[in-house]
Amino acid sequence: MVFSSLQFIFLFLPIFFGCYYLAPKHLKNVVLLIGSLCFYFIGVLDNLEYFILFLVSIMVDFVIGLLIEQHVHYKKIFLIIGIVFHILCLAAFKYSNFVINELNTYVPSLNITFHLLLPIGVSFYTFQGMSYIIDVYKGTIASEKSLLKFAVYISMFAQLIAGPIVTYSQIKRGLYCRTIKRPAIIHGIGIFLFGLGLKTLLANPVGKLWSQVEAIGFESISTPLAWIAIFAFSIQIYFDFFGYSLMAIGLGKMLGFTLPKNFDFPYLSCSMTEFWRRWHITLGTWFRNYVYIPLGGNRSNTFVTIKNLLIVWILTGVWHGAGYNFILWGTILFLIILLEKFFIGNFLNNHSSIGHIYMILLIPLTWAVFAIEDIEQLKIFFTRLFPFFGQSAWSIFEYDYLKYLKLYYPFFIAGILFSLRFPYRILKQIKNPFIVGLMLAGIFAASVYCMYRGFDDPFLYFRF
């Protein structure tokens, strides 16, 4: 069950929030936990063992947090046990299929047929669990003594399956005492509906272009169409995940929590370093706080700094998926950021016009590596992007790109506009409740129509 589905909007939300708002304060956490577990249970209905894994993960982190605090002399052992548990879960469910496929490719006689589906949200709730036990180990927070409150922290449906990645300290206060006021609820509904619109009315339609180009085959498209397609994917992945994050933040406000911002106009960046401070902020913060800084960050010599950056970016690539392209993607980002850190970063920051041009070209190229998992197909796609590598700039249909431009240009215009700040500034200046309500009602009606017609696609980040 995804946020942009009729079942979620017209069944789950009314039933859940009806119970939640009617419940007295001391029972709201109980209602939130039951609702969140039901939400996850429905999502894994065909694989109930994943629901059990989720419950076990909650219990493991809760118990280890208590043991770390109660047995100081052995706290490092308990921390290692908890981290190993989560890494094994990620390795087994996220990377075992890739390893098995590689073994079958290089050793066909093995003929291993074992296959595991990726549990929904495992990449996110394992990171939250690890952040909790690490913070307890460091003494940054005290362990949670209430299993109910801890389970609510991990399982809260607003951020359970695709983030934002929330640390315990960010919502601890809300777990104990939160005030739910009507203006916050209305504000939350508005944020949710706006995110829903970005997802269903912008990300989904423009994403069809990338899907169509994949179906045609990269070898059969012209250079202009290749560039148009990867720009379409760049718009899709941003508004898909940004829209989801807004919906999560809106739901959080409706629940009485303040969830962290996950995007800060990343496509306005002048460098890749800046881009990754603005894109998926909570993931970048997690890697900085729990990997980069513990490794020593940039506090030692240049060699150690480079090593730490390499580890972080390889892990970032691997976190996003099991495939050579994700390792390549993480390595490319590492090399770009290394180049910026030691050579061109200050120049790009001081010459923003050049920085923006640099990023307009670089962002879609890195997304191409991210999007195309088959390395051979990736090579073909790059020969279409850069025909001087050996292929003609034109396909057998010389003006194929004109057809797609006519179909998709409104979405490109909307994608560019909503990647900028000024549309949001204009929207914030509208104070008339009637006009705001009318706009949100229009977004909601159009989104429901698209969902009813079956235009709603799963969120891209669900696969990670």
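Which helix does Asp61 lie in? Select Asp61 and you land in helix 3, residues 48-70. Helices here are DSSP runs of H or I with at least four residues, numbered from the N terminus.

Before going on, a word about what's on your screen. This is a predicted model, where local features need pLDDT of at least 70 and side-chain atom pairs count only at pLDDT 80 or more, while totals for chains, interfaces and linings use all residues. Residues are numbered from 1 along each chain as its sequence is written, and side-chain values use heavy atoms, with hydrogens and water left out.

**Stop 1: Asp61**

Stay on Asp61, which is buried yet has no salt bridge. Buried means under 20% relative accessible area, with a 1.4 Å probe and protein chains only. A salt bridge needs a side-chain nitrogen of Lys or Arg within 4 Å of a carboxyl oxygen of Asp or Glu. Now select Lys138: this is the nearest side chain of opposite charge, and it is 15 Å away. (Lys and Arg count as positive, Asp and Glu as negative; His and the chain ends are not counted.)

**Stop 2: Thr200**

Jump to Thr200, in helix 8. At 1% relative accessibility, Thr200 is buried. Its side chain reaches the backbone oxygen of Leu196 at 2.8 Å. The side chain of Thr200 also makes a polar contact with the side chain of Ser447, at 2.9 Å. Leaving aside neighbours within four places in sequence, Thr200 has contacts (heavy atoms within 4.5 Å) that include Ser4, Cys450 and Met451.

**Stop 3: two loop residues**

Next, pick Phe265, in the loop between helix 9 (223-255) and helix 10 (272-278). Phi of Phe265 is near 50°, a positive value in a residue other than glycine. Buried or exposed? Phe265 counts as buried, at 17% relative accessibility.

Finish at His280, in the loop between helix 10 and helix 11 (281-295). His280 isn't a glycine either, and its phi is positive too, at about 45°. With a relative accessible area of 0%, His280 is buried.

Notes: Buried means under 20% relative accessible area, exposed over 50%, partly exposed in between (1.4 Å probe, protein chains only). A polar contact is a pair of N or O atoms within 3.5 Å; within protein, one must be able to donate a hydrogen and the other to accept it, and residues adjacent in sequence count only if both atoms are side-chain atoms.
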